[in-house]
Amino acid sequence: SAVVSREILPREPMYLFNSAVTVTGPDRHRQDVLGWGLKEAFVQNTSGIKSGRDRALIAFTEPDLKANLAKMQTLSIPDSEICAHFDILAPENSRWSLAKAREVLAGQGVQDAIRPIHYRPLDRRYAYCDTVWVEHPRPLLQKSAQHRIPMLCFVDHVRGGSRWGHGTISYVLPSGVFLSTEDTCLAAPAFIVNEDGTLRTNLNGDLISEFEALLGLPYMDTVAPEDEFKSAWSTLGLVYYICGVLHDPAYLASKDQELRTSVPRIPWPISQDACRTYFEAGSRLSALYDIDSWANDPTLDENRLQTKVKADACSADEPLLNRPTYEPGVGSEFFPDDPNSLRLTENIFLKNVPDHSWEVPIGTYAPAQQWLKDRAGRVLSSADRLHYRRLLQVLAEIHDIKARLASSSPYAAGAV
């Protein structure tokens with residue numbers, strides 16, 4: 001029988017049929033859904049590291065990870081016990097054998113394959129990245145992390161109608177669940193490392209040409225921060241611009257439907273001033289997401305959030321509660337004069353927790369809550385407690401940056 005067919009013309013809301021036609025002139029700003037998708041904007045990108053055996057190969061601290069590896073190196077411990085202890089469900093398949101992997105591990109040192117990773121936002125852990133053990137070690141991202149190249153991270157696959165507009169920057173190896181437990185996190189380095197150790201841009205050449213034409217500014221390999229989007233622009237300038245846009249609540253709200261059906265897209269530049277605003281926001285955000293920079297950041301005052309104890313006899317070895325409680329605007333029952341109290345253990349509290357820090361989302365997580373939830377029942381070290389106090393301050397500033405972007409956004413109230 002004859003096959004009956006008809007032409008399907010793309011029209012909203014069928015965003016999966018986005019036109020490839022470049023929109024120019026005054027209409028281009030109202031149709032930025034036709035802009036460059038992040039996956040196409042960068043020559044190389046890949047999903048975050050996926051170990052397939054997280055409990056064995058990823059740990060909160062480097063000593064914890066080495067203890068895991070030492071246990072697996074001890075061949076007198078049967079494979080069945082290793083599987084039970086580390087939740088390894090498939091000890092052998094066509095591509096991997098636990099017994100053979102343990103034999104290899106027992107005969108080598110482990111230090112060279114240990115890497116710091118961003119397991120979740122603002123949550124650094126340590127991973128064993130040997131190719132014998134890790135299903136997807138992501139050498140592109142490992143090399144980028146070794147050179148401290150900023151990597152733009154965003155969600156690839158979204159389930160349940162979630163918005164795709166999650167984006168952040170990482171300077172260390174991101175995990176596959178960095179932004180969501182259900183959805184794949186992609187990472188695109190700003191630069192690619194050449195064989196001789198020099199760097200080249202990872203931006204698509206056609207994108208560079210198009211943005212030069214739209215902005216009326218030349219692209220240069222390096223541009224001083226104070227000159228970005230004034231006299232020229234660079235790879236870092238565009239990466240920070242994208243990060244800023246993806247933190248603008250007004251942009252995310254105005255493109256809600258598009259962001260539920262397509263990966264984030266780089267909106268056409270509205271003006272040099274708007275690009276500059278987003279660049280400045282993204283530049284500061286990149287510093288806030290860089291955990292290594294926190295110790296040298298004078299705005300992160302470790303004494304601003306003070307620890308208080310319920311009793312003088314309180315032990316520093318108290319484990320975290322399974323459900324730490326946060327009471328905004330009021331003190332705890334033991335310290336009623338201290339606003340915004342956060343109870344960490346039975347007897348230990350944080351006071352003066354910044355407004356909004358507890359709820360600020362990054363990806364599909366609320367890091368202030370998730371960081372504690374993942375460590376429930378664990379005794380925090382002094383370094384852990386210092387990190388968490390800084391984390392709360394970082395989240396407070398991220399909230400403030402987003403609020404400032406929303407208040408002056410060109411995307412507010414359908415302006416674009």
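## A buried aspartate

A residue counts as buried when its relative accessible area is under 20%. In this predicted model, aspartate 297 has a relative accessibility of 10%, so it counts as buried.

Aspartate 297 sits in a loop. That loop runs between α11 (272-289) and β13 (307-309). The side chain of aspartate 297 has a partner: a polar contact of 3.0 Å joins it to the side chain of arginine 284.

## Two packed helices

Two packed helices are described by the angle between their axes and the distance between the axes. Here the pair is helix α4 (residues 79-86) and helix α5 (residues 98-106). Their axes are 10 Å apart, and the packing angle is about 95°. Angles of 65 to 115 degrees count as roughly perpendicular, and α4 and α5 are therefore roughly perpendicular to each other.

Which residues make the contact? From α4 come Asp79, Ile82 and Cys83. From α5 come Leu98, Ala99 and Arg102. By class, four of the contact residues are nonpolar and two are charged. None is polar.

## Positive phi in two loops

Arginine 148 is not a glycine, yet its phi is positive, at about 55°. Its place is the loop between α6 (139-146) and β6 (151-155). With a relative accessibility of 38%, arginine 148 counts as partly exposed.

Asparagine 352 is not a glycine either, and its phi is positive, at about 60°. Asparagine 352 lies in the loop between β16 (348-350) and α12 (367-374). Its relative accessibility is 33%, so asparagine 352 counts as partly exposed.

Technical notes: Residues are numbered from 1 along each chain as its sequence is written. This is a predicted model: local features need pLDDT of at least 70, side-chain atom pairs count only at pLDDT 80 or more; totals for chains, interfaces and linings use all residues. Side-chain values use heavy atoms; hydrogens and water are left out. Axes are lines fitted to C-alpha atoms, for helices over the stretch in contact, and angles run from 0 to 180 degrees between N-to-C directions. Helices (H or I, at least four residues) and strands (E, at least two) are DSSP runs, numbered from the N terminus. Angles under 35 degrees count as roughly parallel, over 145 as roughly antiparallel, 65 to 115 as roughly perpendicular and the rest as oblique. Contact means heavy atoms within 4.5 Å. Ala, Val, Leu, Ile, Met, Phe, Trp, Tyr, Cys and Pro count as nonpolar, Asp, Glu, Lys and Arg as charged, and the others, Gly among them, as polar. Buried means under 20% relative accessible area, exposed over 50%, partly exposed in between (1.4 Å probe, protein chains only). A polar contact is a pair of N or O atoms within 3.5 Å; within protein, one must be able to donate a hydrogen and the other to accept it, and residues adjacent in sequence count only if both atoms are side-chain atoms.
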